[in-house]
Amino acid sequence: MKKKIIIATIVVGAVLAIGIGMIFMGNGVDKNSPQVIQEGKKLAKAKDVETYVDNAFKMYKKHGPMSNDVWKGYDLKEKNIIVGERDNKTDKVVKAWLLTQTDKKELTKDEMKGINFPSAGGYSPIKFENKEGIVMSINKGLIPMLSFMNFNYIYDVAVHEMYHFYGDNMEKYDEVVKDGANNNERYTAFPKEVMPRVYRKMIYDNLVLAYENPTDEKIYLGKAKYWNEKWGKEYLDEYKQANITDIAEGKARYIEYLMCIDYKGISDKEKIESIKYLFNKETEVFEGSDDESYELGFVSGVLLDKSNPNWKKEIDENPQRPVEMILKDVKAVKDDSDHYDKVLKKANSQINKSNKKIENKIKNIKDAENDKNIPLLQLNNKLMNGSYTTSDFIEYEGKVVIVDFGATFKNDNGSAKIDGVSSYVLKEQEGIYNLPLTMKYKFENNRLIIDQKGVKVDAKVKETKNSDGRTVYIME
């Protein structure tokens, strides 16, 4: 599964990438699940893009007004959602719609001219008609890939990402990072280790059991505390590194999910049953710490709703992991259940397969390490058109590798489209993506031209050399 990333935050498929690390339930429609989930699953059979947009508008009209109730201070009343339809073959934006909480209207060609639409599946913040919002793109071919969604991709991503854009207090995170005790990275060290993934899965499963079994909540919370302490002590670097992601994505996932059910229009009992259907029980082991951030944040949030109604104000004023808020005053209980052995067995198999897949996907980067004659194409974040996609973030040999990187870069002198080719960022070179040119390319008259699977470039570039003599082409 891919993840859709907006620079500085996260979301799906083979062309797109959710999420936002996002992890979702299976493809089938459970007839016992809440009606809104059944409707979302059936959406993958939509015949055209506008049907999908119509449903997004329906959800925004019905559930959007609840934003301030779900999370005080996050008010979507004046926020726009703009959706562009890209033609499957030409990739041109052929239609676009403006969605508010009261109206859906098709934009005229003149109105569309001033909008920088991201690639299909992507999103960006936008100001349109003096109102803040989000602009997204989708095409017909993407719709069948969204069958794993619980709800509507357009609406889900909009409410999740607009919280990152406009609702969260990023300055508070800066304060947390400044104290030197924490980091803010999404990657998992490569090759991936099994045990941290086992520990975090055991935390998650016990929190879910605590929610589903209120009479035994204390026991399950104690077991979750046991595994959380083991993870923090035995994998201290990862524990520190994942702090901000756990907080920010945990909050955004909580908001996203609760804004997809009838938060105010159903009884407490019905709300509890709806929430149970949103727990991720099908993923046996998460493959990265950032994948876990979303799920741990959601289940911790709904538990906190019962035990500490003031938790949202507290976490906004003093950013801290939702999971540690729910476990703060809990006494650890050693977990010697059989479930651990099952998770460990599955993790050994799954993480081993994941490492082998990644090994193949980063061959271009390893080849470039061993051959200084392989040039690099450097792409600046400022030229990126919307968000980018990735199947994974790893740290490898001092590089932050974006596995299966997908993005479009444009300037006045051309464009570069990368579709599923691993690239990397150096920690001291934030915002610069390095793509090893292991494929055929042509460079003449200061123009780089590539027309290969996964890489299409036709742009004016600056040729230079780095400190080890390697040729570097910079798209400025």
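This note comments on confidence, aromatic pairs, charged residues and salt bridges in a predicted model.

1. Confidence. The protein has a mean pLDDT of 90, and 93% of its residues reach 70 or more. Residues 1-27 call for separate mention: pLDDT stays under 50 there, although the model has 153 contacts beyond four places in sequence for this stretch.

2. Aromatic pairs, Tyr 211 and Phe 279. Over the whole structure, the search returns 24 aromatic pairs. In one of them, the ring centres of Tyr 211 and Phe 279 lie 5.4 Å apart with the planes at 80°, so the arrangement is edge-to-face. Tyr 211 belongs to helix α7 (residues 195-212), whereas Phe 279 is in the loop between α11 (268-276) and α12 (289-307); the pair thus links distant parts of the chain, 68 residues apart. Both Tyr 211 and Phe 279 are buried.

3. Aromatic pairs, Tyr 257 and Phe 298. A further edge-to-face pair is formed by Tyr 257 and Phe 298, because their planes stand at 85°, with ring centres 5.0 Å apart. Since Tyr 257 lies in helix α10 (residues 243-258) and Phe 298 in helix α12, the pair ties together parts that are 41 residues apart in sequence. Tyr 257 has a relative accessible area of 1% and is therefore buried. Phe 298 is also buried, its relative accessible area being 0%.

4. Aromatic cluster. Which residues do ring pairs link into a cluster? They are Trp 71, Tyr 74, Tyr 163, Tyr 254 and Trp 311.

5. Charges over rings. Tyr 211, already noted for its pairing with Phe 279, also has the charged end of Lys 306 over its ring, 4.8 Å from the centre. A second example involves Lys 79, whose charged end sits over the ring of Tyr 166 at 5.4 Å from the ring centre.

6. Side chains of opposite charge can pair when their charged atoms come close. The structure holds 35 salt bridges. Among them is the bridge between Arg 86 and Asp 91, in which the closest N and O atoms are 4.0 Å apart. Arg 86 counts as buried because its relative accessible area, 10%, is under 20%. Asp 91, at 28%, is partly exposed. Glu 111 and Lys 105 form another bridge, with an N to O distance of 3.1 Å. Glu 111 is partly exposed, with a relative accessible area of 23%, and Lys 105 is likewise partly exposed, at 35%.

7. The side chains of Lys 113 and Asp 110 meet at 3.5 Å, N to O. These residues are three apart in helix α4 (residues 109-113), so about one helical turn separates them. Are the two partners buried or exposed? Lys 113 is exposed, with a relative accessible area of 68%. Asp 110 is exposed as well, at 59% relative accessibility.

8. Salt-bridge network. Elsewhere, salt bridges with shared partners join Arg 197, Arg 200, Glu 238, Asp 246, Glu 292 and Arg 321 into one network.

9. Lys 269. This residue is found in helix α11. Lys 269 counts as exposed, because its relative accessibility of 66% is over 50%. Between the C-alpha atoms of Lys 269 and Val 333 the separation is 29 Å, and the two residues are 64 residues apart along the chain.

Key: Residues numbered from 1 in each chain as written. Heavy atoms only, no water. Phe/Tyr/Trp six-rings, centres within 6.5 Å; stacked < 30°, edge-to-face > 60°. Helix = DSSP H or I, 4+ residues; strand = E, 2+ residues; numbered from the N terminus. Buried < 20%, exposed > 50% of the residue type's maximum accessible area, 1.4 Å probe, protein only. Lys NZ or Arg CZ within 6 Å of the ring centre and 35° of its normal. pLDDT = per-residue confidence, 0-100. Contact = heavy atoms within 4.5 Å.
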